[in-house]
Amino acid sequence: MQHTLYVARSAFPLNFLRKSKLLSSFSAGLLATAICASFTGCQRGAHNPDVVATVNGKPILRSDLELRYQESLGDSHQQNSEVQADIVRLKIVQDLVDHEILMQRAAKLNLTANDEEVQTKLDEIKAPYTQDEFNKWLGQQHLTLDKLKQEIRRSKTEEKLFNKEINSKINITDADISSYYNAHKVEYNVPEPQYHIAQIVVTSIPGPPQQSGNLQNSKATNDAEAKRKIQALRNRIASGEDFGMLAANFSERPDNAQSGGDMGIVTETQLKGEPEAYAAITKLNPGQVTDVLPLYVPAPTGRKQLGYAIYKLLDKEAAGQHELNDPRVQQSIRKQLRDGRSQLLQNAYIEMLQDQSRVVNYYAEQIFKSGVQ
């Protein structure tokens with residue numbers, strides 16, 4: 001792969017808001033509604049049009065549905081067809097139902113996140129910003145401070161619930177790890193050295209700031225400005241500021257800026273496609289950062305300079321067979337097995353709670369009735 005250091009995509013996007021269900025769950029919900037309407041003749045009395053569903057009598061508001069729908073459109077303002085919009089909204093309603101079911105379960109177990117826990121997470125989110133920068137970030141995320149606090153409380157509450165009801169009961173044994181390793185041994189045979197790299201990119205090509213992909217909409221417009229910006233960022237890293245946060249706020253590579261510049265794994269062959277970067281990165285130990293380097297893209301005559309970059313070596317692996325007694329191999333397998341079991345059990349847990357809940361999806365009923373007229 002040519003010029004990997006610009007075209008490689010991150011494998012680790014940042015997103016602290018969990019997506020809880022698959023679209024297929026809505027088919028079941030619509031089918032149940034259809035059966036009710038077609039065979040039992042059940043009719044509901046008039047309900048508040050501002051309510052799209054209820055969970056054990058607690059309403060889910062249309063305003064929350066529309067807010068999340070607009071968030072799903074992002075900054076592109078792309079308009080879906082009516083059918084596409086309804087499919088997206090149905091998915092959002094089911095997500096909101098799932099979240100409410102989990103919040104009610106957590107409240108029953110006295111696991112609702114308290115104000116102190118919410119404030120601690122809020123302070124963590126605000127830490128890299130000035131107050132003006134934080135307010136700007138809220139606007140870019142289509143959030144108010146109160147709405148952000150609600151999302152933090154929900155996320156922390158679900159985390160506490162899953163930890164108590166699921167994660168604390170998962171036991172990955174040494175035999176499990178050994179069995180997995182023996183079945184996937186070839187995956188731990190690394191044919192050539194690999195490098196886990198993050199980058200901060202500043203380009204000298206003019207363009208709209210809103211397309212820069214970073215939280216600050218920061219964009220250099222010419223080579224001199226790009227040099228000043230990248231050097232200022234390198235100085236901030238040298239003074240101790242967090243590389244990932246600076247990448248999220250200022251890097252001009254849209255596909256990985258907000259994931260802290262994480263490029264994922266790059267092989268040595270791929271890395272050699274950029275000789276300057278290869279020479280600098282291979283001299284680093286994990287955690288170290290390069291000086292400012294030129295960044296190139298393919299051109300008919302060879303390479304064309306796009307701008308500048310700074311690279312951080314997150315980790316590296318030597319070539320060869322990585323044995324089971326390697327602590328990193330064991331840690332990787334343990335995490336993979338735990339995460340897989342946790343996700344499976346979370347899905348089953350939500351299904352069980354749904355069976356125990358009284359859910360009325362007025363929005364699904366509305367869609368179905370409109371569609372069969």
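The accessible surface of the protein, in a model that is predicted, amounts to about 20400 Å², and 53% of this belongs to carbon and sulfur atoms; accessible areas come from the Shrake-Rupley method with a 1.4 Å probe, and for residues only the protein chains shown count as cover. Residues are numbered from 1 along each chain as its sequence is written, and side-chain values use heavy atoms, with hydrogens and water left out. As this is a predicted model, local features need pLDDT of at least 70 and side-chain atom pairs count only at pLDDT 80 or more, whereas totals for chains, interfaces and linings use all residues.

The protein contains 14 helices and 9 strands, where helices (H or I, at least four residues) and strands (E, at least two) are DSSP runs numbered from the N terminus. Of the 373 residues in the protein, 40% are buried, a term that denotes under 20% relative accessible area, with exposed meaning over 50% and partly exposed in between (1.4 Å probe, protein chains only). Among the contacts in the protein with a separation of 6 or more, 75% are between residues 24 or more positions apart, a contact being heavy atoms within 4.5 Å.

Four strands, in the order β5-β4-β7-β6, form an open sheet with antiparallel pairing; two strands pair if DSSP finds at least two bridges between them. The edges of the sheet are β5 and β6 (293–299), each of which pairs on one side only. On average, neighbouring strands of this sheet are turned by 50 degrees against each other, direction ignored; axes are lines fitted to C-alpha atoms, for helices over the stretch in contact, and angles run from 0 to 180 degrees between N-to-C directions.

Within this sheet, strand β4 (residues 194–203) is joined by 10 bridges to strand β7 (residues 302–317), the two running antiparallel. In this pairing T203 is placed opposite G307 of β7, and V201 has A309 of β7 as its bridge partner. The pairing of β4 with β5 is likewise antiparallel and extends over 5 bridges, with H196 standing opposite I265 in β5. Because 10 of the 10 residues of β4 are buried, this strand is largely enclosed by the rest of the structure. Helix α10 lies across β4 and β7, and runs at about 40 degrees to β4.

In helix α6 (residues 131–140), the buried residues are F134, W137 and L138. Viewed down the axis of α6, these residues fall within an arc of 100 degrees, so they line one face of the helix; the arc is that of the directions from the helix axis to the C-beta atoms. The buried residues of α6 pack against α5 (115–126) and α7. Helix α6 is followed by H142, which has a positive phi near 60 degrees.

The structure holds 24 salt bridges, each defined as a side-chain nitrogen of Lys or Arg within 4 Å of a carboxyl oxygen of Asp or Glu. One of these joins the side chains of K58 and E100 (3.7 Å, N to O). This pair links distant parts of the chain, with K58 in strand β2 (residues 58–61) and E100 in helix α4 (residues 82–108), 42 residues apart. K58 is partly exposed, with a relative accessible area of 44%, whereas E100, at 14% relative accessibility, counts as buried.

A salt bridge also forms between the side chains of E165 and R105 (3.1 Å, N to O). E165 lies in helix α7 (residues 145–165) and R105 in helix α4, so this pair ties together parts that are 60 residues apart in sequence. The relative accessible area of E165 is 18%, and this residue is buried, while R105 counts as partly exposed at 24% relative accessibility.

The side chains of K229 and E252 likewise meet in a salt bridge (2.8 Å, N to O). Here K229 belongs to helix α9 (residues 223–238) and E252 to the loop between α10 (243–250) and β5 (262–267), the two residues being 23 residues apart. K229 counts as buried at 13% relative accessibility, and E252 is buried with a relative accessible area of 4%.
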